[in-house]
Amino acid sequence: MSPLCKTVSSIANTNPDSRFTLMPNPVTTGAIVTISLQADEQLKTISVSDLNGSLVQRVEVNGSNQVQLSTVGLASGTYLVQAINQQGIKTALKRLLVIR
């Protein structure tokens with residue numbers, strides 16, 4: 001192997017920000033995922049996109065710092081979950097793995 005090449009064995013979470021939790025992860029199809037931000041931040045919107053960037057689910061939260069997200073209708077695969085706060089700022093982006 002050339003010294004300029006590296007083998008990638010894993011991909012780190014897109015944003016390891018501890019202010020945003022996503023549990024359980026991985027999740028089985030049809031289960032509920034709980035998304036939480038720190039108490040001083042309030043959510044406006046949660047969006048779920050597939051790895052092609054297509055929006056598959058959007059939830060308006062109305063000022064809570066915690067929301068439950070249903071995975072009913074999500075096929076097995078990896079999704080990106082993005083939290084947007086009341087100021088319209090994208091606060092976090094995490095991966096969600098849905099399995100059967």
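Colleague: Hi! Which residues does S49 touch, not counting residues up to four places away in sequence?

Modeller: Hi! S49 touches S54, L55, V56, Y79 and L80, where a contact means heavy atoms within 4.5 Å. Bear in mind that this is a predicted model, where local features need pLDDT of at least 70, side-chain atom pairs count only at pLDDT 80 or more, and totals for chains, interfaces and linings use all residues. Residues are numbered from 1 along each chain as its sequence is written, and side-chain values use heavy atoms, with hydrogens and water left out.

Colleague: Thanks. Where is S49, then?

Modeller: S49 is in strand 4, residues 43-50. Strands here are DSSP runs of E with at least two residues, numbered from the N terminus.

Colleague: And is S49 buried or exposed?

Modeller: S49 counts as buried because its relative accessibility is 17%. Buried means under 20% relative accessible area, exposed means over 50%, and partly exposed lies in between, using a 1.4 Å probe and protein chains only.

Colleague: What order do the strands of the open sheet have?

Modeller: The open sheet has five strands in the order 2-8-7-4-5, with mixed pairing. Its edge strands are strand 2 (27-28) and strand 5 (55-60), each pairing on one side only. Two strands pair if DSSP finds at least two bridges between them.

Colleague: How many bridges join strand 4 to strand 5?

Modeller: Five, and the two strands run antiparallel. Within that pairing, T45 has E60 in strand 5 as its bridge partner. Strand 4 also pairs with strand 7, in the antiparallel sense over seven bridges. There, D50 has Y79 in strand 7 as its bridge partner.

Colleague: What about strand 2 and strand 8, parallel or antiparallel?

Modeller: Parallel, with two bridges joining them. T28 has I99 in strand 8 as its bridge partner.

Colleague: And how many bridges do strand 7 and strand 8 pair over?

Modeller: Eight, in the antiparallel sense. V81 stands opposite K94 in strand 8, while Q82 is partnered with L93 in strand 8. The hairpin of these strands has four residues between them, and G88 takes a positive phi near 80° there.

Colleague: Switching to the core: which residues touch the most other members of the largest nonpolar core?

Modeller: I35, I46 and V81, out of 20 residues in that core. A nonpolar core is a set of buried Ala, Val, Leu, Ile, Met, Phe, Trp, Tyr and Cys residues joined through side-chain atoms within 4.5 Å. Strand 3 (32-36), strand 4, strand 6 (66-70), strand 7 (77-85) and strand 8 (90-99) each supply at least two residues of this core.

Colleague: Where is F20?

Modeller: F20 is in the segment before strand 1 (21-23). F20 is buried, with a relative accessible area of 0%. Beyond four places away in sequence, F20 touches I35, S36, L37, V81, A83, A92 and K94.

Colleague: How far apart are F20 and Q66?

Modeller: They are 46 residues apart in sequence and 9.7 Å apart in space, C-alpha to C-alpha.
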